[in-house]
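Please examine the sequence and the structure shown below. A short report follows.

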Amino acid sequence: MPTFKLDGQEIPFEPGDTIIRAAWKKGVEIPHYCWHPGLSIAANCRMCLVEIKSARPMALPILAWDEKKKDYVETTKNKLQPACQMEVTEGMEVVSKGAAVEKAQASVQEFLLLNHPVDCPICDQAGECKLQDYWLAHQKKLKRKDTEPVHKPKAVRFGPTIVYDAERCIMCTRCIRFCDEVVGDHVLDMRERGNKNEICVSPGRELDHAYTLMTEHVCPVGALTSKDFRFKARVWFLRSAPGVCNGCATGCNTWVDYDPRYQRVYRLRPRDNEEVNKFWMCDAGMMTYKRFHEDRILTGRVRQEGRVVEVPRDVSIEAASKVLEKSQRLAVVFSAQHTNEDNFVLGKLGREHLGGTALYLAALSPESVPGGWKGDAILRHPDPNPNRAGATAVAGGELRSTADLAADIAAGKIDAILSLGWAAGESVEQLANLANVPHVNLSSNIGPLTQVATVVVPVATTAEASGTFVNAKGMAQQFQRAVNAPLGIKSAWETLIEIGKRVGREIAFAKLPEVRAAMPATTSAVAAAS
Amino acid sequence: MAYAIKKPGRTVADQSYVVEAVKGLGVTFKRFFQNTIGPAENRKTATIRYPEETREYPERFRGVHRLTHRVDGSPRCVACLCCSTACPAQCIYIEPAEYEADDPRHGYERYPRVFVIDELRCIFCGFCVEACPCDAIRMDTGTHVPASWKREHFIFDKETLMSIPGKDGTYVTANPRHEPGDPTHPGLDRDKAH
Ligand code: SF4
Ligand code: SF4
Ligand code: SF4
Ligand code: SF4
Ligand code: FES
């Protein structure tokens, strides 16, 4: 691979790479605002200026103050070039830390902050704002302008999810380029000139495509804020765990941002993975974090004389084991929303130990997702389940649907059900049949399956347990626990082992790696999880 | 060689103890009345009758926290959590919230829905005051936390903190920000901004 020199360090590049991209691939950061590895080059912020040492540098004639002569003298200086736009050539020498570059960086910072209100206390970007970081790294000085800054609109509603603050915007056009190039919807543009520049929404339109929250994430400053996250938390309190989105079969890689003090998840952010989601996520996917805390099942539930009674977890496990002990013709319902580990241990208990031969898969259908679900050519997969492939693989073959299960119950082929997860493609009415036989359900949230169950045992959500999903491309991706499950709740596979013990069937897994080691290889491979 | 030491002679009065005991009691009672019902300046005690009486604090004594007001009476605090981040005792709890849709500050500013300082945990280091970018929390009251017999009384909520004036008797802070409504305010939407 050809190389070039950046501040004395040899850096390899592929033909066509720009300086900033080659450095970024090597893990070296050149300060930048408008450049984003997933977007086209705008080269309008000028933060990435570097000095290029070549045989004939582009020299600019300038006047410089000469102390000895006490006068200005004519001299030249090397023209700095934007590293985001400059293609690398073999043997090129680039200086990104010299005096000239530092001066340029400080000047760009000062320029960007001329009219930028320093309302960091209110701004949601505080703590992860490039302006703050680079000011400390490259300027550390007050601006010299002391007149009133130019005022622009604040708190402009861009659409149902995004609020825009024109005063904070540094006109990097990342949001415009993201909508254009990634979403293919030219809904944002720029208007006015100079210090009246602002981003605007196309007339008659709103920023309302399926990827609006990403515009907030590409914005390097606090100009775009998401209505959902605004004012809720400060990022310096949050920790991040690597996750995998629960929204569809694409399996976008996420950072699960949670507050360790309150054990609460506040947002999902895309985690870069070139092979799955590049740098992006869809709105619906980012909102799946709500499921971690809303509509949760935190106690056991037992149906007594038609009424649902909340009972402690232990009691529900006891009730579950009573149901399972008596069963002769058990139906085992795998879940396309649960991890491979959960589904695998479910198979162990339901098939090997309890002799269930009727196997089904509970999966959401596009119509059953609240608000509907449509795939697209960007990220969203038509299947709104994160782990259909994995559940099918650990079950060892094609599974029948929950609608088939209802039919089998009507035909009298089933005398008990052991099901995993809350999600099903059918409504409660369509599944009413499932309530006719004793039905044990392990679930973290309220859904159609929990509503037709006789006994519900609470289990952890995907933020509260580590696990593996297999996406539509067949990639097994591991994710890690972010928060602790409340009230002694355990992950589904641990709970299944507990139930197994109660019915006298020992399943010998104590730790997650042991479960993984026993699973089919294609479902446990470590993929992007870092 | 041994010295012969002459013992002091004892009178009958000494011998009976009564007179001397009464004399001693007299001193005790004199001090007792002097320190309890007599004028304060005559007292000869190292202690004071707290909380009825307090000592004059030095000029530089800061005192307990307060939250300053805007001119319109709303809290100056924007719930940035800088103070609670800086607090080494971790005794400040804040829940930020957005102003209601009909409020002129809706959308661009936030406020503390809940602001609580646990004064029992506080070590009065003043870091919170240093950290506040809005001059919203101050320790310029010159008073201390009043004595109480209940833990709950030391948990100061937003209303309590806003009800304490500064040493100069003011609640409002000089506020360099443009507020919606004042003529210098640039406006919050496109119609007003240009
Ligand atoms: S809103 Fe953000 S992303 Fe868009 S141009 Fe302004 S600073 Fe850049
Ligand atoms: S495309 Fe699918 S996996 Fe990716 S963020 Fe959206 S819902 Fe989640
Ligand atoms: S004075 Fe110190 S300990 Fe007390 S609230 Fe402020 S920062 Fe915390
Ligand atoms: S008192 Fe000051 S530092 Fe504390 S949250 Fe309010 S504005 Fe921020
Ligand atoms: S990053 Fe190169 S000009 Fe903005």
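In chain B, 67% of the contacts with a separation of 6 or more are between residues 24 or more positions apart; contact means heavy atoms within 4.5 Å. This is a predicted model, in which local features need pLDDT of at least 70 and side-chain atom pairs count only at pLDDT 80 or more, while totals for chains, interfaces and linings use all residues. Side-chain values use heavy atoms, with hydrogens and water left out, residues are numbered from 1 along each chain as its sequence is written, and chains are lettered from A and ligands numbered from 1 in the order in which they are written.

| Property of chain B | Value |
|---|---|
| Helices and strands | six helices, five strands |
| Buried residues | 35% of 194 residues |
| Accessible surface | about 12,900 Å² |
| Part of the surface from carbon and sulfur atoms | 59% |

Helices (H or I, at least four residues) and strands (E, at least two) are DSSP runs, numbered from the N terminus. Buried means under 20% relative accessible area, exposed over 50%, and partly exposed in between (1.4 Å probe, protein chains only). Accessible areas come from the Shrake-Rupley method with a 1.4 Å probe, and for residues only the protein chains shown count as cover. From the N terminus on, the order of elements in chain B is α-α-β-α-β-β-α-β-β-α-α.

B:L25 lies in helix α2 (residues 18-36) of chain B. B:L25 counts as partly exposed because its relative accessibility is 47%.
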